[in-house]
Amino acid sequence: MKYVLFLTVLLLAASVILVLILRGNGPSNAGIRAMQASDGLDHYRYELVFRPESDELAATLTLQYTNRTRETLNDIVLRTWAGAYGSYKTSPASIDELFDACYPKGFSEGGINIEGVWWNDAITAYSFDDDASTVLRIPVGMLAPDMGGTLRLRCRISVPHCAHRFGVSDGVFQFGNALPILSVRQDGIWRTDAYWPIGDPFTSSCANYDVTLSVPKGWMCAATGSGTSKTDEGNRTVYSFHADAVREFAFAISDKWQKAEKKLDGITVTAYAPSKDGAKKALDYAGKALRYCTSHYGDYAYSAFTVCSIDFPFGGMEYPQLVMISNTCFDKESADTLELTLVHETAHQWFYGLVGSDSFNQPWQDETPCEYTVLRYVKERYGTDAYRRLRATRIDAAMQDPLPLAVTPGSPISYYSSYSAYSSVVYGRGTAFLLDADEMTGKVDTALKSYCDRYAFQIASRDDFLTTLSGSCEADLDPLAVDYLDTLM
Ligand SMILES: [Zn+2]
């Protein structure tokens, strides 16, 4: 009798576990990595008020900053990328290749208006280094190593009518790289890279965020982090978000989306799309991409992941815990594009999000592992023939393309003046490097996993990447790297 009881209990326990696994609610470590990494990081508190009737976002930032350099600092630099949208001359969306798609009704002015800056509660002067108003320099007296302070900044961000990372188009307000963020200090100076119109000119360190966002009732918000509350106050709704150890906070707001959501291995996955069907499809592909990357590169670091559709001329754009996907990927005939774009952007959660890199000077370092992931995903899911077909169009064709003048996959983005050349050289030729390395050694997946383990929440250099690759592949791959990344052919 006891034995029977024991068996019954065992069977019951087993079936409960099976049900949990099948429902995707099994015991999980979702968010643990980020929570552990959050200890001691700088903290951003943003209070945001969104007014769609005037295309405006009022923002108050309270930043707890600690000087982690070994030198005494006289100033700190924030990147205010939204400033670049203030004029035709400085907008990243005004190059010939993008202008008509981004500004279909002509140039529209956006930008940032700083209303006040305080350092440790004392009002302080500030200045922009550049005509584009993207490098905001704030004096902080003499800030010794390991000392910290509180920076408060109030600003108004004007949203341009522009289908780009930042702008409003087709009923969606898109706030990619729109909020002020600390620059990165390297070799004794603050980085002041221009908002180059090709590639992603952003490099940033991990920090913790708490954000409140007030919107008119009925507007939805897709954002970095986990939604912690949603409260109605009169005719407005206030959303709260928290994010541990992320490189920035991005979001988009719309009253037109359809939403789908599910729990997957403890992660809340949410999709906002033009239609219910599109949201469900995006949710499905995002889940498959998350599972693929988790099984090859290690656990997803956070407890939430969000996909939203926006209007811009790129396939997608990665932000921490959030990917923005072009509306066109949701067209009925674009199911393949939606799936492959989601795989690429989801892989960025590991290559860019988890492990940061210098995407201005070494754009290949996060783009090629993401494209490599797309090809390997297709091979694993759809077989060798599908892989060969995709490789022929994405990689082999790019290898046949003559290289534009004096540009190689290892060049900085500022060497490029066209997206088509950038995409062929970096995504095509650059990715051929990793595919070849894998054909030679069969260990590139292992190398990418150890890269993610070793440099999680840090910024890895080109050397860090290549040393890990050669080490894990047990082969000297430096000559191959030079051949693919640095050699004009
Ligand atoms: Zn990418």
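# Reading burial and packing in a predicted model

Modeller: Start with helix α5, which is mostly covered: 10 of its 13 residues are buried. This is a predicted model, where local features need pLDDT of at least 70, side-chain atom pairs count only at pLDDT 80 or more, and totals for chains, interfaces and linings use all residues. Residues are numbered from 1 along each chain as its sequence is written.

Colleague: What counts as buried or exposed?

Modeller: A residue is buried if 20 or more other C-beta atoms lie within 10 Å of its own, exposed if 12 or fewer, and partly exposed in between; the C-beta atoms are placed from the backbone. In the protein chain, buried residues make up 46% of the 489 residues. In α5 they include Leu338, Leu340, Leu342 and Glu345.

Colleague: What covers the buried residues of α5?

Modeller: The cover includes α4, β21 (304-310), β22 (316-319), β23 (322-326) and α6 (364-382). Helices (H or I, at least four residues) and strands (E, at least two) are DSSP runs, numbered from the N terminus. The protein chain has 11 helices and 23 strands.

Colleague: What span should helix α5 have?

Modeller: The expected span is 1.5 Å times one less than the number of residues. For the 13 residues of α5 (residues 335-347) that gives 18 Å, and the end C-alpha atoms are 18 Å apart, which agrees.

Colleague: How should I read a nonpolar core?

Modeller: In soluble globular proteins, nonpolar side chains tend to be buried together. A core here is a set of buried Ala, Val, Leu, Ile, Met, Phe, Trp, Tyr and Cys residues joined through C-beta atoms within 7 Å. The largest one has 140 residues; Phe249, Phe251, Ala252, Ala271, Ala282, Ala286 and Leu342 touch the most other members. Helix α4 (residues 276-297) gives this core its largest share, 9 residues.

Colleague: Which residues does alanine 252 touch?

Modeller: Contact means that two C-beta atoms, placed from the backbone, lie within 7 Å. Leaving out residues up to four places away in sequence, alanine 252 touches Val172, Phe173, Gln174, Phe175, Ala222, Cys308, Ile310 and Met324.

Colleague: Where do the domains lie along the protein chain?

Modeller: Domain bounds come from an automatic or database domain assignment. They are domain 1 (2-26), domain 2 (41-254), domain 3 (257-352) and domain 4 (364-486).

Colleague: How many residues of domain 2 are in contact with domain 4?

Modeller: 9 residues of domain 2 are in contact with 8 residues of domain 4. The C-alpha centres of these two domains lie 31 Å apart.
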